[in-house]
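The entries below follow the order in which I looked things up.

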Amino acid sequence: MAAFNRTTSDPSTFILMGIPGLEAAHIWISIPFATLYIISLLGNFTLLSVVGKEQTLHKPMYLLLCMLALTDIATPTFVVPKALCIFWFNLKGITVAGCLTQMFFLHMVSVMHSSTLVTMAFDRYIAINNPLRYATILSNARLVKLGLVGLIRAVLFILPLPLLMSQQPFCANHIISHTQCEYIAVAKMVCGDIRVTRIYGLVLMFVINGFDLTLIALSYGLIIRAVLRISSKKAHQKALNTCTAHICVMLTYYTPGLFSNITHQLSQGISPYIHIILANIYLLIPPMLNPIIYGVKTKELRDKVGKYTCRR
C-alpha cells in the first residue's frame, strides 16, 4: 500500500487502475487476455513467415495481408503486456511520457490499419474490374508507396494529440480508470481547458472514419457494378467470393469500434467497466480473427500454411 501511495504522489506518474469494479476478477480476466494475445501473435507471425518464405505468394494481395498482420501484431502489443502487469503483479504505474507515447502508437496504428483496409478494398476492385492489368496497376512497389503514404498520414494526424495533451496540467490524483492510455481516458485527467484538443479529436474521428469508409463504400459500389456486368452466374459467385474475407475483416474491425463509441455517447446507466471491456475487445478480437479469416477464405494461403505445418 505504501508503494501505491508513493506512485500516486509522483507528479510524473499516472496510475492505470485496470478494470474498476472488477478488481477481484483481474486474475480471471487476464486468462482470455493472454490467450487471445498469444493466438493473435501466432496467427499473424505464421502469416508473415509463410508469405515471406513462399515466392508464389509475393503478390500485391499478400503484401497487403502482411501490412495488415503488422498492424495486428502492433495493436495489442502496445496494450496487453501492460494490462497483464496490472492484472498479475499490480504494477499500475506508468510515466506521463510513457502514457502519451502509448496513446500515440495505439491510435496511430489504428489509423494505419484503416488505411490498409481502404487499400485492400481498392485492390479487390482492380482485381475484379480490370484483372488483366491488375499486376501493372497494383505492383508491389506501388503498394509499398501506398503503405508509406498511409503511415505518414497516420503519424501526421495523430501526433498533435499527445503534443497538445503534454501542454496541459493534469489533475492531482493521476488515476486513470482503464487498462490503457486511450485518448478519452487521458483527456479526463486534464484539469485545464482542452476545448482545442477535444475539437481536434472529434474532427479527426469524423475525417478519418468518414473518409476511409466513404472510399471503401465507393470501391464496393464499383465492385457491384462490375459484377452485375458479368453474364455468367458462376463468374458472379467467384468475383463476390474474392471479397468475402475483406468484408469479414472490415466487420470485425469497425463493429466493435462502433459499439464502443455508442456506449461512450450513451454512457448514462452503463457501468464504466463495460466501456473498458469493449475497448479491449476492439483491440484483441480483430487481430486474432484476421489471419484465421484469410487462412480459411484464401485457398492458396491455406494450402501453403498446411504445407509448412505438415513439414514441421
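I count a contact when heavy atoms lie within 4.5 Å. The model is a predicted one, in which I required pLDDT of at least 70 for local features and 80 or more for side-chain atom pairs, while totals for chains, interfaces and linings use all residues. Residues are numbered from 1 along each chain as its sequence is written, and side-chain values use heavy atoms, with hydrogens and water left out.

I looked up isoleucine 176 and, leaving aside residues up to four places away in sequence, found it touching Phe14, Ile15, Leu16, Met17, Cys99, Cys181, Ala185, Val186 and Met189. I then asked which residues of the largest nonpolar core touch the most other members. Phe14, Phe87, Met165, Ile176 and Val186 do so, in a core of 43 residues. The largest share of this core comes from α5, with nine residues. Another core lies apart from it and has 39 residues, including Ile137, Leu143, Cys243 and Tyr308. For a nonpolar core I took buried Ala, Val, Leu, Ile, Met, Phe, Trp, Tyr and Cys residues joined through side-chain atoms within 4.5 Å. Buried means under 20% relative accessible area, exposed over 50%, and partly exposed in between, with a 1.4 Å probe and protein chains only.

Entry 2, sheet. I noted an open sheet of three strands, with mixed pairing and the order β2-β1-β3. Its edge strands, each pairing on one side only, are β2 (93-95) and β3 (175-176). Strand β1 (residues 13-16) runs parallel to β3 and is joined to it by two bridges. Isoleucine 15 has isoleucine 175 of β3 as its bridge partner. Strands count as paired if DSSP finds at least two bridges between them. The elements are DSSP runs numbered from the N terminus: helices (H or I) of at least four residues and strands (E) of at least two.

Most residues other than glycine have a negative phi. I therefore looked for exceptions. Asparagine 90 has a positive phi, near 60°, and lies in the loop between α4 (80-89) and β2. Histidine 174 also has a positive phi, near 55°; its place is the loop between α8 (160-166) and β3. Is histidine 174 buried or exposed? Histidine 174 is buried, at a relative accessible area of 6%.

On a 1 Å grid over the protein atoms alone, I took a pocket as an open set of points with protein on both sides within 12 Å along at least five of seven lines, and a cavity as a set where a 1.4 Å probe fits but cannot get out; lining residues have an atom within 4 Å of a point. Points are joined across faces, edges and corners, and a volume is the space filled by probe spheres set on them.

The largest pocket has a volume of about 1300 Å³. His107, Ile184, Met205, Asn209 and Asn261 are the closest to its centre among the 44 lining residues. α11 gives the most to this lining, twelve residues. By class, the lining of the largest pocket has 24 nonpolar, 16 polar and four charged residues. Here Ala, Val, Leu, Ile, Met, Phe, Trp, Tyr, Cys and Pro count as nonpolar, Asp, Glu, Lys and Arg as charged, and the others, Gly among them, as polar.

The second largest pocket has a volume of about 620 Å³. Of its 20 lining residues, Met61, Arg124, Ala127, Lys238 and Thr242 lie nearest the centre. α11 supplies the largest share of this lining too, six residues. The lining of the second largest pocket divides into eleven nonpolar, three polar and six charged residues.

How many cavities of 30 Å³ or more does the structure hold? I found two. The largest cavity has a volume of about 60 Å³, and its lining includes Met61, Arg124, Thr242 and Tyr294. Two or more residues of this lining come from each of α3, α5 and α11. The second largest cavity holds about 40 Å³ of space. Leu65, Asp72 and Tyr294 are among the residues that line the second largest cavity, and α3 gives the most to that lining, four residues.
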